[in-house]
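Dear colleague,

I am handing over the structure below for your reference. My notes on what was found in it follow directly after.

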Amino acid sequence: MEENKSFLTQEIDLKSPNRNIVPITTSIGNDGKLYIGGCSIEELIKKYDSPLYILDEITLRKSCRAYKEALEKYYPGKSLPIYASKANSSLFMSNLVSSEGLGLDAVSEGELLTALKGGVPNEKIVFHGNNKSDKEIEFAVRNNIQVILDNDYDLERLEKISNTFNRNLEIMIRFTPGIECHTHEYIRTGSFDSKFGFGIDYLNTLFDRIKNAKNLSLRGLHAHIGSQIFELDPHKDLGEIMVNVILNAKKFGHDIKKLNLGGGLGIKYTENDDPPSIDEWVKTISTSVVKACKKYNLDLPTLMCEPGRSIVSTAGITIYTIGAFKEIPGIRTYLSVDGGMSDNPRPITYQSNYSACLVSNPLNINSKNTYTIAGKHCESGDVLFKEIELADCKSGDLICVFGTGAYNISMSSNYNRIPRPAAVLVCNGESEIIQKRESPLDLLNYDVLPNRFIKQN
Ligand SMILES: Cc1ncc(COP(=O)(O)O)c(C=O)c1O
């Protein structure tokens, strides 16, 4: 029997889950099949059906703790890691990150509500967005949630609302520091040409304007330079730039007490990826801010960061059931699964790569076939893997895709009226639903047939 080298045999980094392809509780049972969180994947599918999102609690908690511990080590007593909930927003995620002492960032009333109902204290939530609605701003202000201003339109409305409520509002501003990152251009947000944040050249004018706003106090700066970043230098530079902006704001009488350096630390989706550890990343931002503050004799601000992907991605997997095969001789063999771009839009949107294995043969023993794994949607581009080596498999077998905890369920859709999969939490051999499976009937809940049309029928 030939054994292929599999990513599943690689040593697991227990301290920094973002450096592993698989959740840290991944194991191969006595039956030779895949287990996560002590649960047999085959049994989970029998119980919850397919496709299925699975989150591993231990990996999630390790990631949160890695941020907390590193910040305490390199920036003691004055930090707040906040979870970027766009990566995966739910009552469960809000509750879990909050139980680990993290705050949360939200970009819509839906994410804000989910955070509050999930138990995140309002003083640990920040509200972002390049086009907040009036209703969303009012919701945030009424709930004492810190708003991060993105543009002049935000400023006008915050000024108005602070005067209407006759309340002094502490605000933060987001600016674009002009740092380029070697990442996919659709998720590059820190360069000058970005829809997010105030341009750095505009800041003096902005500081002046805020100074003249009766009920606004500028207390914090924010920048986020991109996502899935493997280099440390951009964040080192960002720390220095932000401290320089504190100095500049001081000249206008603003006392900046918080620096939020955004998220962006990458994760290992495939064997080609080699992201820094959470500890290294936090050390980089902390050291950079401490050094620059020392240089200018400034008090240390509260240091915030906003990791999303590196908190939740590696904890998540998606299980699909194989259906149809289509062999095109001399070209390729398509293997189709029961999900695709509606539960994971990243491959079609960003050409993202993942790692996967068969649940019944995780080590890919006797792998000898190259397949293209296609989703079930009416879109030729709905392909999850362009080429993957797998052992013999057949319709009905299960495939596990790793690293799907972030930007999968939160970016999912009902394209082709396909119901969203359920999501399950696993821990110590137990499993519990954290998001119910949608049914085709659920999808009709928001459809309305106008009266006139009902009569005609
Ligand atoms: C403002 C902001 N903060 C944080 C994040 C989280 O980034 P990541 O998931 O790469 O850590 C994002 C993601 O795009 C973002 O736009």
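Strand S7 (residues 125-127) and strand S8 run parallel and are joined by two bridges. Helices (H or I, at least four residues) and strands (E, at least two) are DSSP runs numbered from the N terminus, and two strands pair if DSSP finds at least two bridges between them. Across this pairing, Phe127 stands opposite Val147 in S8. From S7 the chain passes through helix H5 (residues 134-142) to S8, and this β-α-β crossover is right-handed. The term right-handed applies if, with the strands pointing away from the viewer, the path from the first strand over the helix to the second runs clockwise.

Please note that this is a predicted model, in which local features need pLDDT of at least 70 and side-chain atom pairs count only at pLDDT 80 or more, while totals for chains, interfaces and linings use all residues. Residues are numbered from 1 along each chain as its sequence is written.

Strand S8 (residues 146-149) is covered on both faces: Gln146 and Ile148 are buried on one side, and Val147 and Leu149 are buried on the other. Here a residue is buried if 20 or more other C-beta atoms lie within 10 Å of its own, exposed if 12 or fewer, and partly exposed in between, with C-beta atoms placed from the backbone. In the loop between H5 and S8 lies Asn144, which has a positive phi of about 55° although it is not a glycine. Asn144 is exposed, with 12 other C-beta atoms within 10 Å.

S8 also pairs with strand S9 (residues 169-176), in the parallel sense and over two bridges. Ile148 stands opposite Met172 in S9, and Leu149 has Ile173 as its bridge partner there. Together, S8, helix H6 (residues 152-164) and S9 make a right-handed β-α-β unit.

Helix H6 has 13 residues and reaches 18 Å from its first C-alpha to its last, close to the 18 Å expected at 1.5 Å a residue; the expected span is 1.5 Å times one less than the number of residues. Within H6, Asp154, Leu158 and Ile161 are buried. They cover an arc of only 70° around the axis, which puts them on the same side of H6; the arc is that of the directions from the helix axis to the C-beta atoms. An α-helix has 3.6 residues a turn, so residues three or four places apart point the same way. Tyr153 and Thr164, on the other side of H6, are exposed.

S9 itself is mostly covered, with seven of its eight residues buried. S9 runs parallel to strand S11 (residues 216-222), to which six bridges join it, and Glu170 stands opposite Ser217 in S11. Two bridges also join S9 to strand S10 (residues 198-199), again in parallel; the partner of Thr176 in S10 is Gly199.

A further sheet is open and has three strands in the order S1-S2-S3, with antiparallel pairing. Strand S1 (27-28) and strand S3 (39-40) stand at the edges, each with a single partner strand, so one side of each is left without a neighbour in the sheet. Strand S2 (residues 34-36) is joined to S3 by two bridges, and Tyr35 has Ser40 in S3 as its bridge partner.

Several backbone details may also interest you. A cis peptide bond joins Ser50 and Pro51, with omega about -5°; Pro51 is placed in the loop between helix H1 (41-48) and strand S4 (52-56). Asn428, in the loop between strand S20 (422-427) and strand S21 (430-435), has a positive phi of about 50° although it is not a glycine. With 10 C-beta neighbours inside 10 Å, Asn428 counts as exposed. By contrast, Gly403, in the loop between strand S19 (398-402) and S20, is buried, with 29 other C-beta atoms within 10 Å. Gly403 and Pro23 are 380 residues apart in sequence and 8.1 Å apart in space, C-alpha to C-alpha.

Finally, the ligand is surrounded by 17 residues, the closest being Ala84, Ser227, Gly263, Gly308 and Arg309; a residue is near a molecule if its C-beta atom, placed from the backbone, lies within 6 Å of it. By class, this shell has four nonpolar, nine polar and four charged residues. Ala, Val, Leu, Ile, Met, Phe, Trp, Tyr, Cys and Pro count as nonpolar, Asp, Glu, Lys and Arg as charged, and the others, Gly among them, as polar.

With kind regards
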